[in-house]
Each structure stands twice: as structure tokens, then as C-alpha cells.
Amino acid sequence: MQLKRPILVGGLGLSASLWLLNIVGHSPVGHALGDSTSLLSVVAVGAGLWLFNKSRGSSVVVEPPLAIGPVDRSAIEGVIAKTESIFETLISELSEEVKADKTQSIWSQIEEKRKAINHLLANLERESLAFAVVGNKSVGKTTLVSELKDSWQASQPTVKKVLEVSGEEMPTAADADLVLFMTAGDLTQSELQRIHALIRAGYRLQVVLNKQDQMLPADRQSVLQQIQTRVEDLGIGVSAIVANPAPIKVRRHKENGDVEEFTEQPAPQLAKLTAKLDDLVEHETQQLVLATALRQAKALQVEVQQLLNTQRKQRALPIVEQMQWIAAGSAFASPLPSLDLLASTAINSQLILDLGKVYGQTFSLEQAKKAASTLAELLVKLGLVELSTQAFGSLLKAHVATYIAGGAIQGVSAAYLTRTVGLSLIEFFEEQSLLPEKERKFAFAEMGERLQTLFKATKQGMGLQAFLQQALSHLPIKAAA
Ligand SMILES: Nc1nc2c(ncn2[C@@H]2O[C@H](COP(=O)(O)OP(=O)(O)OP(=O)(O)O)[C@@H](O)[C@H]2O)c(=O)[nH]1
Ligand SMILES: [Mg+2]
């Protein structure tokens with residue numbers, strides 16, 4: 001690697017710069033820094049630019065539109081084509097060694113996903129259907145399932161399964177070409193939210209209003225209409241039923257003047273629902289099947305993206321490691337009494353550029369710097385700088401020899417914070433990769449919660465003491481007992 005003149009302005013001494021270059025030069029991934037966006041140029045540009053960046057784009061969260069339109073094959077083929085291109089990226093990013101060795105587990109994972117795609121394509125003409133019944137507790141799901149089995153399913157032999165899905169679980173694609181969403185009254189806010197979630201996940205729904213026998217005759221129609229107005233925009237129909245009417249008391253006056261009392265069990269009233277289901281089975285089977293295939297295709301795309309993310313993480317983690325020790329070194333050597341935010345912004349800019357590259361996101365230097373100062377600002381605001389300095393300060397008191405090496409606290413803290421930022425960025429890039437391209441937004445200012453969570457998680461995961469030991473071994477301190 002061709003070293004440029006150390007241009008670490010902003011307070012780093014010559015020895016520190018040299019030491020820093022030493023680390024970069026000898027690091028296994030050091031060459032990655034040798035290109036135009038090298039660490040040093042970032043540091044150089046970043047120097048003096050330490051300003052809290054107050055101008056944050058106010059990001060409006062746009063809900064994706066609810067998918068209510070018909071599904072056609074081309075939508076499914078589009079998702080599969082996208083998945084194929086993720087496969088290509090995945091394979092192209094494999095190391096030469098893994099590429100050549102077909103016994104590596106990644107190849108069997110790829111094979112498995114490819115089989116699933118072929119299976120999906122082979123099933124686009126499927127005629128059998130599966131229904132799921134969902135809804136709040138005690139709305140009558142079990143009752144409806146058994147009624148349908150007893151009195152209806154035989155008339156529609158292509159309906160192979162009618163399954164109850166209890167609790168808040170999502171039905172799985174295998175169970176549900178159609179979701180019967182049951183309720184025993186007007187829809188509550190949480191029921192509506194669940195309906196929205198199902199629609200957004202691509203399920204076809206029919207709302208079933210049960211227990212009509214418990215409503216006053218005058219209310220039945222108005223409740224039904226209420227529900228209809230709530231869901232008609234989503235293209236969802238509503239069927240009112242009585243799955244298991246309560247027994248009614250009957251009094252009969254006999255001729256001799258006695259009154260006879262007995263209970264009668266009225267028959268269930270499912271006709272409105274079964275008529276609707278018959279209609280769907282007869283006219284919409286293909287649509288229901290395609291909707292399921294589209295969900296399955298999207299799920300496969302996510303799984304393949306996750307395979308890619310796992311591979312990328314293997315390349316991302318060493319970059320974080322390297323940067324954390326660079327941060328340690330520069331903060332250690334800094335004559336400034338507090339953590340050298342200037343250098344850490346430069347280091348975080350480089351992290352954003354390098355990790356972005358691993359995750360297929362290109363940022364300009366300007367963007368990276370802006371994002372890095374946003375992150376630095378967050379670290380300060382959330383008190384994480386303070387917290388880590390204190391935590392390592394008290395741990396280091398036990399190490400008398402290193403404690404007197406003044407910069408140790410800053411060095412170790414800087415490493416720890418850099419690690420937190422790096423892991424947060426990895427998580428962030430992974431999450432973005434799972435969103436459709438047009439919904440990706442690199443809102444670094446929204447990473448606060450993630451930073452906090454990972455800050456704590458790293459602390460619990462590897463333990464501060466262990467981290468301290470590792471960090472000290474990367475600092476130019478003579479062996480401390
Ligand atoms: N009055 C009346 N009661 C009903 C009706 N349908 C079901 N029930 C009763 O409501 C109670 C709950 O019915 P289930 O079918 O077990 O309801 P569920 O949704 O499966 O309940 P969980 O699985 O516990 O969530 C039972 O006592 C049913 O007999 C109905 O139309 N009218
Ligand atoms: Mg049940």
C-alpha cells in the first residue's frame with residue numbers, strides 16, 4: 001500500500017499518526033483503504049468539519065399502499081427475476097475459494113432455494129385450496145371450522161383444508177389461500193390493524209361476522225354495515241353468520257292451562273358465508289392461488305437476500321474490527337482530554353463508506369461525512385460516550401499500570417463506540433436490503449434506538465472486561481499486569 005503523507009490534522013501528534021499508519025499498513029484488510037476514499041483523505045477532509053449537523057431531513061413515513069388489486073403471473077415472475085439477480089450477486093461476491101468448492105454449505109443452501117422456486121412455479125396451476133380461520137379469542141373459530149367441515153367442505157372437494165389459526169399468529173402461506181377473519185361484533189382498532197397487516201402481507205380476506213344471535217335484531221344490520229364501510233376500501237367482503245346459536249327457551253301453553261317450558265337448539269346460519277365461499281372457489285381459485293404464490297415468492301426473495309446478508313456480514317465484521325482498533329489508536333494518542341470526536345467522525349465516515357460498499361450501497365464522501373457526524377451527535381446525545389468512558393474508567397482503575405497511561409480510557413472507549421456504530425450500521429444495511437428498493441431510506445438520524453440496544457448488547461455479549469483486554473492488546477502500552 002502506498003502511504004500518503006500523514007495529514008492527520010486536528011490534533012493528532014506525529015507519533016500517533018505514524019502508529020496509526022502502522023496499523024493500517026499491517027492490517028489484513030489494510031489494502032482496502034488504499035483507494036481514493038482512503039481513511040487518510042477522509043480524516044483530512046473531515047478535519048475541522050466537526051460541527052453538529054442540525055439540518056435533518058424530516059422523513060415522512062410513507063405506508064406502502066395496501067395490495068388489493070388482482071395478482072397476475074408477471075408480478076410473480078418479477079419477484080423471481082429479482083431473486084435470481086440476488087443469487088447472481090451472492091455468487092459473484094463469493095470468494096474464489098468458495099466459488100470453486102461446491103461442497104461448501106452455501107451451495108446447498110442456494111440449491112435448496114432454487115428448488116423452492118421451481119416448486120412454486122410448478123404449482124401456479126394448482127386447483128386445491130386451503131383456508132385459514134383467524135380472529136380474537138372466543139369469536140367462534142373452532143365452531144366455524146367444524147361446521148364447515150361437517151356441512152360444506154364435501155360440496156367443494158378442492159378445498160382441502162380449513163384450519164384455525166389461534167392467537168396473533170400469521171397464517172402460513174401453506175395454510176391460507178383465503179383468510180376468514182372472524183369477529184363477534186364491530187371491528188375494534190386492533191382487529192382492523194390486524195386486517196391491514198394481513199392485506200399488506202398479501203393475503204386474501206373475507207370478514208365473517210359471527211354470533212348475530214347475540215345482537216338485538218335492530219343492531220344486526222347496522223353492525224354489519226359498520227364493518228362493511230370499514231373494509232370495503234380494502235376490497236374485503238363481509239358475511240354475517242350464526243355458527244352456534246344459543247339455545248332458546250320455548251314456552252307452550254297447553255290446552256289444560258299448564259305451561260310447558262323447554263329449550264330448542266336453532267340450526268346454525270352459515271348460508272351467507274357458504275354462498276360467498278362457493279362463489280370464490282368457483283370463480284377465484286386461480287386468483288387465490290396466485291396471491292399465495294406471490295407471497296411465497298416474496299418470502300423466498302427475503303430468504304435469498306438473507307443468505308446474501310450472511311455472506312456480506314462475514315466480510316463486514318473484519319472491517320469493523322479494523323476500524324475499532326484504528327479508533328482506539330487515534331483516541332489513545334490524542335492529546336485532547338476528551339474522546340477525539342474529530343478522528344472518530346473520520347473513522348465512522350470510512351466505516352459508512354466501506355460497510356456501504358459491502359452491502360452494495362454507494363455513498364459520496366459528503367454523504368458519509370454527514371451521516372458520520374449525525375452518528376457522533378447521537379452517541380453524545382444518548383450519553384453513550386459518557387457511559388463508556390465511565391465504565392472503562394472504573395474497570396481500568398484496577399489496571400494501575402495502564403491507568404496511568406492516560407489515553408487508555410479514551411482509546412478503549414473509542415474502540416467500543418466504533419464497534420457499536422459498526423454493528424449498528426451492519427444491522428441497518430441488512431434491514432434496508434430487505435425493503436423494496438424504493439422504500440429504502442438511509443435515515444442515519446433514526447439509528448438512535450439501535451445504537452443504544454447494540455451498545456447494551458455488546459456489553460452483555462462479550463463483556464466489557466473481555467473487550468478491555470482485547471483493546472489493551474491493540475494499544476501501544478507495555479504489558480500491564
Ligand atoms: N351465541 C353464540 N355463541 C357462539 C356462536 N358461535 C360460537 N359460539 C360459542 O362461543 C364460544 C367460543 O367458540 P369457539 O368456537 O371455541 O371460539 P374460538 O374462536 O375457537 O375460541 P378460541 O379458540 O378459544 O379463541 C363457544 O361456547 C361457542 O359455542 C354463535 O354464533 N352464537
Ligand atoms: Mg378455538
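Q: What is the relative accessible area of Lys211?
A: This is a predicted model, in which local features need pLDDT of at least 70 and side-chain atom pairs count only at pLDDT 80 or more, while totals for chains, interfaces and linings use all residues; side-chain values use heavy atoms, with hydrogens and water left out. Residues are numbered from 1 along each chain as its sequence is written, and chains are lettered from A and ligands numbered from 1 in the order in which they are written. Buried means under 20% relative accessible area, exposed over 50%, and partly exposed in between (1.4 Å probe, protein chains only). Lys211 is partly exposed, as its relative accessible area is 23%.

Q: Where is Lys211, a residue with a phi of about 60 degrees?
A: Most residues other than glycine have a negative phi. Lys211 has a positive one although it is not a glycine. Helices (H or I, at least four residues) and strands (E, at least two) are DSSP runs, numbered from the N terminus. In those terms, Lys211 sits in the loop between β4 and α8.

Q: Which residues coordinate the magnesium ion (ligand 2)?
A: Donors are N, O and S atoms within 2.8 Å of the metal (3.2 Å for Na, K and Ca); water is not among the atoms, so sites may look incomplete. The distances here are 2.0 to 2.2 Å, and the coordinating residues are Thr142 (OG1) and Glu164 (OE).

Q: Which helix gives the largest share of the shell around ligand 1?
A: A residue is near a molecule if one of its heavy atoms lies within 4 Å of it. By this rule 16 residues surround ligand 1, the closest being Lys137, Lys141, Thr142, Thr143 and Asp213. The largest share, 3 residues, comes from residues 141-151, helix α6.

Q: How far is the polar side-chain atom of Asp213 from a nitrogen atom of ligand 1?
A: A polar contact is a pair of N or O atoms within 3.5 Å; within protein, one must be able to donate a hydrogen and the other to accept it, and residues adjacent in sequence count only if both atoms are side-chain atoms. An N or O atom in the side chain of Thr142 lies 2.7 Å from an oxygen atom of ligand 1. A polar side-chain atom of Asn210 is 3.1 Å from a nitrogen atom of ligand 1. For Asp213, the distance to a nitrogen atom of the ligand is 2.8 Å.

Q: Which side chain makes a polar contact with that of Gln156?
A: Gln156 lies in the loop between α6 and β2 and counts as buried at 9% relative accessibility. The polar contact, at 3.2 Å, is with the side chain of Glu282.
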